[in-house]
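Here is a colleague's note for someone opening this entry for the first time. Please read it with the model in view.

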Amino acid sequence: MAERFAFVKPMTQADMRANGVTINGVPVPDSTEPPPAWKSNDLSTDEAQAAIDECLALPESARFDSLQFARGPWAAELATTSELASQTQEWKDALGEYRQCLIDKGIEPDPDDKLAVVGQDSSTIDAEQISLALEVVACKDQVKLVERLAGQIAAFQAPIIDEYATDLVAYRAQLDEVVAEAREYLATQGVSE
């Protein structure tokens with residue numbers, strides 16, 4: 001991914017153009033690749049807002065409202081796990097080793113973002129950004145940063161998941177059912193995934 005996108009979030013060519021990404025100093029050209037319909041609409045127009053309001057008023061809209069699925073007694077507890085994990089010595093050690101690896105390679109860690117580096121640009125793809133991104137990934141791999149940080153978060157999530165296991169399994173079954181219904185609904189509307 002670093003070889004293709006550098007620090008740019010992976011996205012379609014159409015989305016890169018819409019988000020002002022440049023490749024070698026040039027804006028991403030128009031693409032013949034059709035963007036997904038849900039990404040290609042300008043939602044800021046009055047016409048778009050009227051269509052959104054009309055859709056939201058339909059009875060079937062409530063069935064697919066993603067906000068209804070963000071509920072559960074486990075949600076608040078799970079939301080704190082990253083913050084709790086970031087306070088552990090193991091987390092701090094992993095970040096320290098990662099940042100030292102960067103320094104050893106002559107790369108300046110960002111003082112405000114512990115995972116970023118000075119000079120990274122999330123809207124530019126060029127040889128310099130790709131080279132920098134590859135060096136950053138090499139340090140992350142060398143110290144096993146992702147695995148270590150994820151392990152710390154998982155250690156805080158595990159007891160919550162154990163406590164709510166039955167509820168979470170039922171919740172997942174409900175989500176699977178709604179996803180299947182949504183796919184069926186989209187197919188009847190002529191929209192493919």
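1. H8 crosses H10 in the left-handed sense: the near helix is turned anticlockwise from the far one by less than a right angle. Helices are DSSP runs of H or I with at least four residues, strands are E runs of at least two, and both are numbered from the N terminus.

2. The axes of H8 (residues 89–104) and H10 (residues 145–163) come within 9 Å and cross at roughly 165°. Axes are lines fitted to C-alpha atoms over the stretch in contact, with angles from 0 to 180 degrees between N-to-C directions. The two helices are therefore roughly antiparallel, a term for angles over 145 degrees.

3. From H8, the contact includes Trp 91, Leu 95 and Tyr 98; from H10, it includes Leu 145, Arg 148 and Ile 153. Contact means heavy atoms within 4.5 Å. Its residues divide into seven nonpolar, one polar and four charged.

4. This is a predicted model: local features need pLDDT of at least 70, side-chain atom pairs need 80 or more, and totals for chains, interfaces and linings use all residues. Residues are numbered from 1 along each chain, and side-chain values use heavy atoms, without hydrogens or water.

5. Mean pLDDT (the predictor's confidence in each residue, from 0 to 100) is 88 for the protein chain, and 90% of its residues reach 70 or more.

6. Three strands make an open, mixed sheet in the order S2-S1-S3. S2 (26–27) and S3 (124–125) are the edges, each with a single partner strand, so one side of each lacks a neighbour in the sheet. S1 (residues 22–23) pairs with S2 in the antiparallel sense over two bridges; pairing requires at least two DSSP bridges. Ile 23 stands opposite Val 26 in S2.

Key:
Parallel < 35°, antiparallel > 145°, perpendicular 65-115°, else oblique. Nonpolar A, V, L, I, M, F, W, Y, C, P; charged D, E, K, R; others polar.
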